[in-house]
Amino acid sequence: MRKDFIESRLFVLASRNVLAKYNLPLTSPCLSQIADEVTKLLELKAQLGEKNDSSKLILKTPKGTRDYGPEQMAIRLGVIDKIITIFKRHGAQTIDTPVFELKDVLTGKYGEDSKLIYDLKDQGGEILALRYDLTVPFARYLAMGKIASMKRYHIAKVYRRDNPATTKGRYREFYQCDFDIAGQYDPMMPDAECIRIISEALRSLDVGLYVVKLNHRSLLDGILAVCGVPQETFRGVCSSIDKLDKSPWSEVRKEIVEEKGLDESTANKIGTYVSRSGGVELIGELRKDNELMKHESAVKGLESMELLFEYCNIFQVTDKVKFDLSLARGLDYYTGVIFEAVLIGDDVGVGSVAGGGRYDNLVGMFDSKKKSVPCVGLSLGIERIFSVMEAKLSREGLKTRRMEVEVFVASAQKNLHEERMKILSDLWEAGLKAEHSYKKNIKLLAQLQYCEENGIPLAIIIGEGELARGEVTLREVVSRAQIPISRANLIEEVRKRLGNS
């Protein structure tokens with residue numbers, strides 16, 4: 001209103017000037033008429049503005065993000081609980097880090113994917129960016145704290161300015177579930193355990209058939225050297241090869257030639273290697289390649305892979321792993337073994353659901369004395385796993401419980417809400433998950449229907465007769481069986497039927 005009044009007064013003043021300029025009479029009726037017209041115009045402007053504002057407001061989540069309802073969150077939390085149980089089983093402790101970092105901390109760590117980092121505006125003299133993953137913040141955390149060894153897990157959101165494909169579980173905002181082992185240990189023992197953890201997680205989540213692809217950065221460097229790739233372009237070519245899980249070799253080859261500047265014969269030679277995969281027998285085949293064996297990095301890589309297969313056999317995951325020379329993982333910080341888990345099946349199209357590898361030099365990048373802390377870790381793609389589980393539940397027509405309430409306290413007559421609340425208080429004190437209706441007087445049938453619709457296993461029913469006898473009626477919701485229970489023994493009986501100790 002204040003703004004409209006000011007605009008109206010300015011209009012009137014301007015009108016006075018116009019009238020004076022042309023020697024027209026400054027009569028109040030004339031000005032009053034102008035003021036009336038101005039008021040009408042301002043009202044019309046306000047109406048049009050309201051219409052335009054409402055038409056501009058489109059309620060939607062930002063591109064590459066989504067909302068999760070109670071049923072979806074129940075699935076997600078169930079997945080995360082299972083993953084945390086596995087991480088703890090292997091001795092990990094958890095940390096948390098800021099959702100944004102100094103931009104200098106993140107840049108130069110992700111190769112060509114650095115363009116996907118979300119930049120933030122200058123905040124009080126600090127140039128910041130949203131975290132791209134949880135690995136670089138962990139390395140910064142180790143360097144800041146002068147920590148030489150740690151086994152940690154971290155579950156949090158990360159951000160990537162990527163082209164999203166939400167049906168395939170690829171978002172711009174998503175959770176990562178990371179497990180890392182930092183410290184100087186004997187070769188391949190922590191690496192093999194990471195692969196075992198991936199296998200345990202995917203088996204526990206029952207997402208279907210999967211394979212864990214394995215490769216080694218040193219071996220990959222040796223292969224690129226044999227093919228005639230200049231060392232300074234190794235990482236760029238690795239980024240191209242890394243796309244083979246989503247693009248055919250013909251497209252990757254074209255990128256290597258046209259964008260990375262390699263000649264066609266070099267690209268063709270790379271193709272003969274990256275098309276090969278298999279088991280431990282592939283190590284023996286590559287050792288027969290005399291040109292490849294001239295490169296120390298290739299020899300070192302094959303020795304590491306041989307030891308890794310030996311440990312995978314001990315950990316009983318050999319049937320789940322595959323030695324795949326097309327696996328490159330384009331992130332710059334990897335230095336040794338790299339791995340990626342992929343779901344296999346006709347109806348699966350989400351790509352990799354887990355990945356990781358060894359990064360021995362990343363912590364040293366943040367240390368003033370360049371002191372390195374060897375690390376290996378894995379990351380589970382919770383969003384992609386969730387997409388698979390959501391689709392599976394939809395196909396099978398299964399519903400997920402949205403709440404964990406174990407007991408519902410119902411009343412059969414009016415004005416018993418305070419008695420319900422007394423029982424509720426006792427249930428809560430005993431650590432049981434319980435609720436009741438917030439309406440004083442509600443039909444018993446409506447209360448029992450609520451229990452059935454929400455999968456609540458037990459209902460406690462009270463009436464005037466039960467209260468007089470010092471009893472309640474305990475009802476099993478699914479079977480609809482009812483038995484009278486002494487009020488004094490209620491907690492014990494509820495726990496027994498729920499299987500709680």
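One term before we start: a nonpolar core is a set of buried Ala, Val, Leu, Ile, Met, Phe, Trp, Tyr and Cys residues joined through side-chain atoms within 4.5 Å. Buried means under 20% relative accessible area, exposed means over 50%, and partly exposed is in between (1.4 Å probe, protein chains only). You're looking at a predicted model, where local features need pLDDT of at least 70 and side-chain atom pairs count only at pLDDT 80 or more, while totals for chains, interfaces and linings use all residues. Residues are numbered from 1 along each chain as its sequence is written, and side-chain values use heavy atoms, with hydrogens and water left out.

**Stop 1: the cores**

Select Phe323 and Phe339. These two have the most contacts inside the largest nonpolar core, which has 75 residues. Helices here are DSSP runs of H or I with at least four residues, strands are runs of E with at least two, and both are numbered from the N terminus. Then pick Val105, Leu106, Ile117 and Ala129, which belong to a second, separate core of 25 residues.

**Stop 2: the nine-stranded sheet**

Switch to cartoon view. Nine strands make an open sheet in the order E1-E4-E5-E11-E10-E9-E6-E8-E7, with mixed pairing. Two strands count as paired if DSSP finds at least two bridges between them. Go to the edges and you'll find E1 (93-94) and E7 (277-278), each pairing on one side only.

Next, zoom in on E9 (residues 337-343) and E10 (residues 352-358), which run antiparallel and are joined by five bridges. Which residue of E10 is the bridge partner of alanine 341? It's alanine 354.

Bring in helix H13 (residues 296-314), which packs on the sheet and touches E6, E8 and E9. Contact means heavy atoms within 4.5 Å. The direction of H13 makes about 150° with that of E6. Such angles run from 0 to 180 degrees between N-to-C directions, using axes fitted as lines to C-alpha atoms, for helices over the stretch in contact. Helix H7 (residues 217-226) also lies across E6 (210-216), E8 (321-324) and E9, this time running at about 60° to E6.

**Stop 3: a covered helix**

From H7, move on to H8, residues 234-241. Seven of its eight residues are buried. Among them are Phe234, Val237 and Ile241, and the cover includes H7, H9 (249-258) and H10 (264-274). Click on cysteine 238 too: it counts as buried because its relative accessibility is 0%. Cysteine 375 is buried as well, also with a relative accessible area of 0%.

**Stop 4**

Most residues other than glycine have a negative phi. Select lysine 146, whose phi is positive at about 55° although it is not a glycine. Lysine 146 sits in the loop between H5 (135-145) and E4 (150-159). Is lysine 146 buried or exposed? Exposed, at 58% relative accessibility.

Now try methionine 188, another residue other than glycine with a positive phi, near 70°. It lies in the loop between E5 (173-182) and H6, but methionine 188 is buried, at 5% relative accessibility.

**Stop 5: the five-stranded sheet**

Here's another open sheet with mixed pairing, in the order E13-E12-E14-E15-E16. E13 (434-436) and E16 stand at the edges with a single partner strand each, so one side of each has no neighbour in the sheet. E12 and E14 pair in the parallel sense over five bridges, and serine 411 stands opposite isoleucine 462 in E14.

Compare that with E15 (residues 471-476) and E16 (residues 482-486), which run antiparallel and are joined by five bridges. In their hairpin, five residues lie between the strands, and arginine 480 takes a positive phi near 65°.

**Last stop: helix H19**

Finish with H19, residues 490-498, and colour Leu490, Glu493 and Val494, the buried residues of this helix. Seen down the axis of H19, they fall within an arc of 100°, so they line one face of the helix; the arc is that of the directions from the helix axis to the C-beta atoms. Those buried residues pack against E12 (407-411), H16 (417-429), E14 (458-462), E15 and E16. Turn to the other side of H19 and Glu492 and Lys496 are exposed.
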